[in-house]
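Q: I am new to this structure and would like to learn how to read some of its features. Could you take me through them one step at a time?

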Amino acid sequence: PKEAPKPKEAPKPKEAPKPKEEPKAPAKAKEEPEVTPKAKAAAKDASPKAAPPKAAAPKAEDEPPAKRAKTEADAGVDEQEKDSPKDSRPTLQEPIAFHPSDCTLNVVPTAGNRVLMSLTEGGMQYLIAGARASVGMKAGRYVYEFRIVEALSPSECSGAMRSKAPAPRQLLRMGFSTARSPLILGESEEHIFFDSEGSFRCGKKKTPGVCEKFMRDQVIGVLLNLDPSSPNANTLSVFRDGKRIAQPQKIPEHLVGKTLFPHLCFRNVSIQVMSCPTPTKPMPFACRTLASAAKADVEIAPSGASKDGKYEVVVPVGMPDEGTFVWLDGFLAKNPQYVELSDRKILEWAMQSGVWKPNAHKSSNDKPEFNFGLPSMDDFSLRRVINSIASVMPRNYVVMEVKSNLIAEERQQTVERFRLPCFKKVAYVMLGEPTEDFKKVQLEKVLQKKQEKANAAWKAKKAEDNKKNALQQRQKELAAMRKKAEEMRKKKAEEAKKRMEAIRKKAEAVKKKAEGIEEAEEAEPEEMEVDEPKREEVKEEEEEEKKDEAEVDGSEPPKVELTEEEEHMVFRKRPIPDLTDYVLGTSYLKFSLPEKEEGFDDVRFEWSREPQAKEYIKQWVQKRKTTMRIEDLVPGEWFNATWKEWQKTLQTWHSKQNQYKAAMAKKAAEKAARDAKRAAIKEAKAKAAASKKAAAEKKAAEGSAEGSDEAKAEEEPAAEGAQEEPAAEEEQGEEKAADAADEKEEDASEEEEKFDLDSVDIFGLEDVTNAGDKIPLFCCFAFEDWAMMSIRFEVHLLTHAFRRDANDPDRSGIPVEHLAFYYGKYFKKALNHKYYGVESSYELLKLIRDTVFVTKTTKVIESRVPGELENFGIFAMLTEEARRDRMRRVDMGDETAKLKLSQASAMSLSLGTAATPAATPLRSMPANLAPSRPSMATPGWQQQRPPSRPPMGAGPWAGKGGFAAAWRPPAWRG
């Protein structure tokens with residue numbers, strides 16, 4: 001039965017089947033199954049013959065099912081295009097060309113514009129090449145043909161596997177576009193085309209599966225029908241080797257009536273453009289090619305070549321974030337024949353070519369990040385290739401480099417690159433007050449951005465309101481349904497009650513009738529009819545609410561207006577800066593105006609004249625000096641030498657403190673040993689005296705027992721006493737000698753302990769390692785004191801080293817906001833304010849205000865201590881004075897005077913790279929280490945405070961313009 005349909009195909013070849021023969025066909029079909037062996041043999045013999053028509057099935061299987069079905073359906077449609085009538089009008093004489101101004105930089109026309117090739121090195125293999133023909137159609141029906149003669153497969157590095165390269169690798173788009181539209185098909189609504197993947201696109205709208213795919217060595221013809229008398233008027237079709245592979249596609253209304261130019265876009269292929277008067281492959285109908293079109297039906301685009309053979313290379317010069325790119329956009333809109341050479345244009349080209357970019361973040365407008373994951377693009381090879389091509393291809397260019405165009409040396413390199421005599425180098429300077437037209441454009445863009453934000457907020461609010469209204473409506477509907485259900489339940493209950501009441505009354509009536517009593521039944525009120533109008537009123541109210549909500553939803557978004565501040569704003573703030581902070585900080589000191597001596601043929605000042613522009617850039621740089629960081633600042637030799645000397649000195653002071661602590665610990669141990677020895681002697685004496693006393697008492701008790709022996713008892717003690725007296729005298733002499741020696745040692749130690757560190761004039765010392773009796777001034781320093789002394793010296797050294805290394809009279813000091821930056825650059829470690837228990841640089845500087853201060857006008861840090869010092873003792877003195885003042889304030893009950901340093905962080909900060917000694921708490925020090933502090937009850941204790949500074953002409957800083965001559969007492973001391 002499965003083979004029964006095959007015999008039905010036999011009668012189809014008959015040209016005129018008779019109606020009488022029609023019933024015979026099923027009879028034969030019924031007879032065929034009886035001869036099964038012959039039918040099977042015939043089917044086997046016929047199967048290989050029937051295979052050739054199905055040989056194309058593998059290609060069709062590769063296509064989408066919808067596309068296969070559409071192609072099969074189109075195969076049965078008759079061709080509606082008719083033969084072209086004879087036309088005696090003059091034909092086109094100029095050859096179809098591809099002018100450089102209508103081609104991307106990677107297109108290489110060869111063989112008299114008959115072959116179009118593209119560059120495939122240095123990342124160019126990922127970019128789409130675009131070329132627009134010089135002859136456009138405005139009427140008639142014509143076809144242009146081409147053929148892929150070469151398919152390239154450029155090699156890629158292994159690193160390209162970590163990103164998605166654009167697909168497909170070989171690509172071709174063919175169609176039409178208007179003049180001056182973008183050269184990459186698909187980036188404008190002025191484009192209409194087919195592609196090699198079988199899609200049809202009108203602008204950015206893509207319709208897949210419209211035509212069949214094509215490949216190398218196949219002649220492709222694109223037919224544009226603008227004949228209004230044709231059934232396929234205003235349509236675009238495509239043919240492969242003379243056969244239609246897609247049905248006519250309508251041209252959008254906005255392109256009807258415009259001149260359309262043939263346009264090709266390709267990647268990794270070479271294209272041969274046919275220029276024959278007739279199609280190279282016969283088509284189902286007679287048609288003329290664009291090369292033989294009537295002159296009245298076409299329009300020839302200007303070649304874009306300069307009349308005098310000169311092409312301009314424009315170099316815009318403007319300050320960062322002051323409208324340079326806005327000016328450029330306006331310039332290109334007025335002069336579309338110019339080609340922009342910039343990194344932002346390369347990035348835009350790559351995105352249009354389908355190159356996948358994992359992170360769209362741009363660090364700056366001038367130099368956006370190239371993080372495509374393709375080595376040949378991320379290493380800026382693409383930029384070098386484009387610069388090489390542009391320097392030898394005569395075209396009008398705009399070299400857009402914000403930083404490079406502001407630096408004379410880099411401007412000269414740009415001018416040198418375009419050294420061919422056909423190029424005219426012109427610098428456009430945009431400095432100072434912009435023109436009114438520029439301000440107007442700026443305000444329009446600000447208003448547009450503000451309106452877009454307002455529209456987005458209004459749409460979001462509208463969507464939220466609609467959502468709430470829908471929820472409320474749903475809740476109302478549910479409430480109405482619940483109410484209706486409740487009413488139905490009540491109605492049924494009432495009806496049941498009425499039925500029961502009617503039954504009861506009927507029973508009573510029957511009973512009364514039997515008794516002879518008749519009562520008239522009362523009429524029931526129609527309550528349900530009263531409720532119905534109420535429900536109808538509720539429904540009407542709900543409908544009115546819905547109408548009101550619909551009216552509210554249909555309202556327009558609010559119109560925004562510019563504020564007074566926005567109206568006076570000259571340059572609008574962009575979300576992405578033109579230059580990064582690092583690039584600006586390392587280059588702004590080199591900014592200058594272009595001059596003809598650099599190689600420019602002309603310098604044009606757009607906003608201000610040359611004198612005003614020079615003054616403007618001078619003031620701009622001067623202002624940035626006080627706010628910008630010096631990113632490339634390098635510590636000098638003086639800083640490195642002073643820093644090493646300080647580290648050695650600090651290590652020496654730590655060792656001095658440790659030695660003093662060890663000596664005092666040794667003395668304390670010796671004193672403890674003497675005290676222990678003396679206590680042991682006293683204890684032995686007490687035990688001996690107690691034993692003697694006990695023996696004497698025992699003997700006295702025994703003597704009373706024997707009277708006869710009294711004389712003997714009297715004689716023996718006397719003799720023993722006589723013998724013991726010399727020994728006791730000797731022992732007493734030794735004890736006195738030992739006590740005398742101990743008293744001498746105690747007197748010596750008491751003399752040492754009598755030295756009071758608080759009584760020392762701090763700033764009168766010549767050596768901080770010996771404040772008196774070889775006691776160092778910093779003997780009482782704890783971990784927080786060492787940390788504060790280190791930060792004092794580091795900030796002091798930083799302020800002086802910055803002035804030396806910056807070597808700029810306009811930079812009077814380090815701005816407070818940049819303290820952490822320069823601290824890290826010089827000392828190679830981070831400055832964390834929280835280590836010192838503060839939250840900002842201002843609070844940190846307040847802790848060391850005896851060493852540095854912040855100026856009131858310029859807000860920069862300056863040191864109170866001169867840069868050239870014979871030694872670093874002044875920092876130990878300042879730290880000791882601050883410690884004493886802090887301890888006195890704590891004794892007075894001022895808890896805010898306590899430092900909030902953490903011991904772990906402070907110990908790591910006190911020496912930098914050196915090891916920090918173990919900190920000894922003040923309460924665990926020996927008695928002579930802890931300076932005596934006056935009691936709070938002592939009157940006049942403030943007068944016991946040593947002077948705040950040394951007398952003029954005294955101390956190791958006297959002379960040589962040292963510390964004593966330059967000392968200024970801090971204002972906070974009062």
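**Salt bridges, a helix pair and a buried residue**

A: We can begin with charged pairs: in this predicted model, the count comes to 41 salt bridges, where a side-chain nitrogen of Lys or Arg lies within 4 Å of a carboxyl oxygen of Asp or Glu.

Q: Which parts of the chain does the pair of Arg288 and Asp87 link?

A: The side chains of Arg288 and Asp87 meet in a salt bridge, with 3.3 Å from N to O. This pair links distant parts of the chain, since Arg288 belongs to strand E16 (residues 288-289) while Asp87 sits in the loop between helix H5 (65-75) and strand E1 (107-110), 201 residues apart. Arg288 has a relative accessible area of 18% and is buried, whereas Asp87, at 31%, is partly exposed.

Q: Where do Arg489 and Glu486 lie?

A: Both lie in helix H11 (residues 436-515), three residues apart, which is about one turn of the helix. Elsewhere, salt bridges that share partners join Asp87, Arg89, Arg288 and Asp297 into one network.

Q: How are two packed helices described?

A: The description uses the angle between their axes together with the distance between the axes. Here H18 and helix H19 (residues 819-827) pack at an angle of about 90°, with their axes 10 Å apart. Because angles of 65 to 115 degrees count as roughly perpendicular, H18 and H19 are described as roughly perpendicular to each other. On the H18 side the contact is made by Ile791, Glu794, Leu797, Leu798, Ala801, Phe802 and Asp805, and on the H19 side by Leu819, Tyr822, Tyr823, Tyr826 and Phe827. Sorted by class, the contact of H18 with H19 has 10 nonpolar, no polar and two charged residues.

Q: Is Val768 buried or exposed, and which residues does Val768 touch?

A: Val768 counts as buried because its relative accessibility is 6%, and buried means under 20%. Val768 is found in the loop between helix H17 (710-753) and helix H18 (783-806). Leaving out residues up to four places away in sequence, Val768 touches Trp653, Pro776, Leu777, Phe778, Gly873, Ala876 and Met877. Of these, Gly873 is 105 residues from Val768 along the chain, yet their C-alpha atoms are separated by 5.9 Å.

Methods: Residues are numbered from 1 along each chain as its sequence is written. This is a predicted model: local features need pLDDT of at least 70, side-chain atom pairs count only at pLDDT 80 or more; totals for chains, interfaces and linings use all residues. Side-chain values use heavy atoms; hydrogens and water are left out. Helices (H or I, at least four residues) and strands (E, at least two) are DSSP runs, numbered from the N terminus. Buried means under 20% relative accessible area, exposed over 50%, partly exposed in between (1.4 Å probe, protein chains only). Contact means heavy atoms within 4.5 Å. Axes are lines fitted to C-alpha atoms, for helices over the stretch in contact, and angles run from 0 to 180 degrees between N-to-C directions. Angles under 35 degrees count as roughly parallel, over 145 as roughly antiparallel, 65 to 115 as roughly perpendicular and the rest as oblique. Ala, Val, Leu, Ile, Met, Phe, Trp, Tyr, Cys and Pro count as nonpolar, Asp, Glu, Lys and Arg as charged, and the others, Gly among them, as polar.
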